[in-house]
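Reader: Hey, I've just opened this one and I'm new to it. Can you walk me through it?

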Amino acid sequence: MLDCTPKELKEHKSGGVINPAKTCQPIGAMYAALGIHRCLPHSHGSQGCCSFHRMHLSRHFREPAMASTSSFTEGASVFGGGANLKTAIKNVFTIYNPDVMAVHTTCLTETIGDDIPSIIKSSEIPEGKLVIHANTPSYQGSHITGFSNMTKGMVSYLAEATSPVKKEQVNLIPGFVNPGDMREIKRIVKAMGIKFVMFPDTSGVMDSPMTGKFDMYPKGGATVAQIKDSGNSKLTLALGRFASSDAADLLSKKCQVPATVLKTPIGIKATDAMLMSLRRAFAQEVPAELEEERGQLVDIMTDTHFHFHGKQVGIFGDPDVVTGLTELVLSLGMKPIHVLTGTPGGALGSGMGSFEEDIETMLEPMGIKANIKAGGDLFTFHQWIKNEPVDLIIGNTYGKFIARAEDIPLVRVGFPVLDRSVHSYLPIVGYRGAMRLIESISGALLDRADRDATDEDFELVM
C-alpha cells in the first residue's frame, strides 16, 4: 500500500501534511452537539461540508448523525451567510422542532467573517428554544479543538450559578471518547455514590437501541437543565486536557466551580487518579466492586506480563487518548518509541505545556528515547517505523495502510475506526476498559507469534 514511502527522513518545508493524523474542527463540534438532549447540530457552510462530517461520524458509530446546514451557494460565499442562517434557524425549528440548535462554523464562513452571535440575536427563535454556537475554522486545530470549542460554547450559553451554596455533585467533561466510554465513566461515578452532570453525553444518542421506530432525538444526551445546573456543582473533572480543559476553565471563571484536569482514565494509573480526586472532594470511599475490578486488572497484568515485556510500539491518534495509551503500555512493560498526534499541542517549553512534554514526562523515568510529535502526520509516523521498526501499532483505521506495508500488527483504538464495528459500545476507559485493551494488545501480539511460528514451535499454551 505505502511501499514507496522513503526511509530517509525529510521535513515538510511547504508546511503541508501528507496523510494527516486528524480531521477538521466541525466534526468534533458536531459530535459534541449530539451530546445535548434534543439538539440538532447545524453546519454553517456548504452542503458538502455537512455531508462529509455526518458521513464520517456515521461510519465510525454505525448510527445516523443528524444535522442541518446553511447550504451556501456562490451568493452566500460572496455576500455572507447571514440570510442563510436566519432562514435555517426558522426552518429547523418549524420542521424538526429541536430544543437546541448548535451552530458551528466552517472554513468558508470563518474566511468570510460572519458574525454568528449577531446573526443569532437578530433571528426568529421560538419561545422556549435555544441557539448556541461555536467558532470552528477547519484550517486550525483538529476535530479535538472543535469538540473543545463546542463544549466551551455549552458553558458560555447555558451554565448558570443560581444556588448560593454549591451542590454535592460533580461535572464530568469526558472528552472526545465513544458512548461506551461515557457510560463506563458514569457507572464508576454512580458506584462511588456521587451525583454528577456529564456533558456532552452521547450515550443513548450514538449508541441508541434498535426499536423498529425512527426517533430523530433519542433519549440520551445531557439535558439543557442539567448543563445549566453545572454552574452549581462542587467540582468539575475535565478528563483529557486537550478536549475538556477549556470548558472547565470557563466554567470556573463564569460560575466559580473549581476544576481539576486529569488524563483520560485509560489504564490503572489514570483511573486511580480519577477515583482519588472524587474521593478527596466528596469524602466517599471507593466501593468494593471497584476495588475488585482493580484487583482483577492487576492480576491480569501480572499473569500476562511476559506477552508485553520489551515489545516496541508505535502509537498515534488524538492527544488525550494517545497520552492514556502511552501510560497504559508503559505499565505493561512495553516501549512506546514512536508517539504522534495530528492535533497541534503547544510548543516545547511553552508555559501552557505541550503534548510532547506530557509524553516525555512519562518516558524519561523509564529511560526510553522516543520520537514524539504534535501536529504530525502519518507520513512522518511511517518514516519513523521504517527507520526503527516496532512490534505493534496502536491507532485508528488509517494505520492499516502502514501496518500492511510494514507487516506489523495493528490494534484499532480511537477515532475514526471505519473498518470494524461494535467498538463504540465497548469502553477503553476505567479498569474494565483496560482489561479490554490488554486483551486486544495481547491477542494481536500472540496472533503474530502463532503466524510466524515454525511447526515445532507452534504451541497450544502461550
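Predicted model: local features only at pLDDT ≥ 70, side-chain atom pairs only at ≥ 80, totals over all residues.

Reader: Okay, so is Ser424 buried or exposed?

Author: Buried, because its relative accessibility is 2% and the cut-off for buried is under 20%.

Reader: And what is Ser424 in contact with, leaving aside neighbours within four places in sequence?

Author: Phe61, Asn178, Pro179 and Gly180.

Reader: You mentioned helix 18. What does it do for the core?

Author: The largest nonpolar core has 115 residues. Helix 18, which covers residues 430–452, gives the most to this core, with 8 residues.

Reader: Which residues have the most contacts inside that core?

Author: Ile393 and Ile394. Take Ile394: apart from neighbours within four places in sequence, its contacts include Val313, Gly314, Ile315 and Phe316. Leu325, Val329, Val411, Val413 and Ile441 are also in contact with Ile394.

Reader: New topic: holes. How many cavities of 30 Å³ or more are there?

Author: The structure holds 1 of those. The largest cavity has about 50 Å³ of space in it.

Reader: Which residues line the largest cavity?

Author: The lining includes Ile144, Leu239, Ala243 and Thr264, as well as Pro174, Gly175, Phe176 and Val177. Asp318, Asp320 and Val321 are part of the lining too.

Reader: How does that lining divide into nonpolar, polar and charged?

Author: It's 7 nonpolar, 2 polar and 2 charged.

Reader: Now zoom out for me. What about the whole protein?

Author: Its secondary structure comes to 18 helices and 13 strands. The C-alpha atoms fill a box of roughly 75 × 55 × 50 Å along the principal axes.

Reader: How does the radius of gyration fit with a compact globule?

Author: It agrees: a compact globule with 462 residues would be near 23 Å, and the protein has 23 Å.

Reader: And how much of the protein counts as buried?

Author: 55% of the 462 residues.

Note on methods:
Residues numbered from 1 in each chain as written. Heavy atoms only, no water. 1 Å grid on protein atoms, 1.4 Å probe; cavity = no way out; pocket = protein on both sides within 12 Å on 5 of 7 lines; lining within 4 Å. Points joined across faces, edges and corners; volume = space filled by probe spheres on them. Nonpolar A, V, L, I, M, F, W, Y, C, P; charged D, E, K, R; others polar. Core = buried A, V, L, I, M, F, W, Y, C linked by side-chain atoms within 4.5 Å. Buried < 20%, exposed > 50% of the residue type's maximum accessible area, 1.4 Å probe, protein only. Helix = DSSP H or I, 4+ residues; strand = E, 2+ residues; numbered from the N terminus. Contact = heavy atoms within 4.5 Å. Rg over C-alpha atoms; globule rule 2.2 N^0.38 Å.
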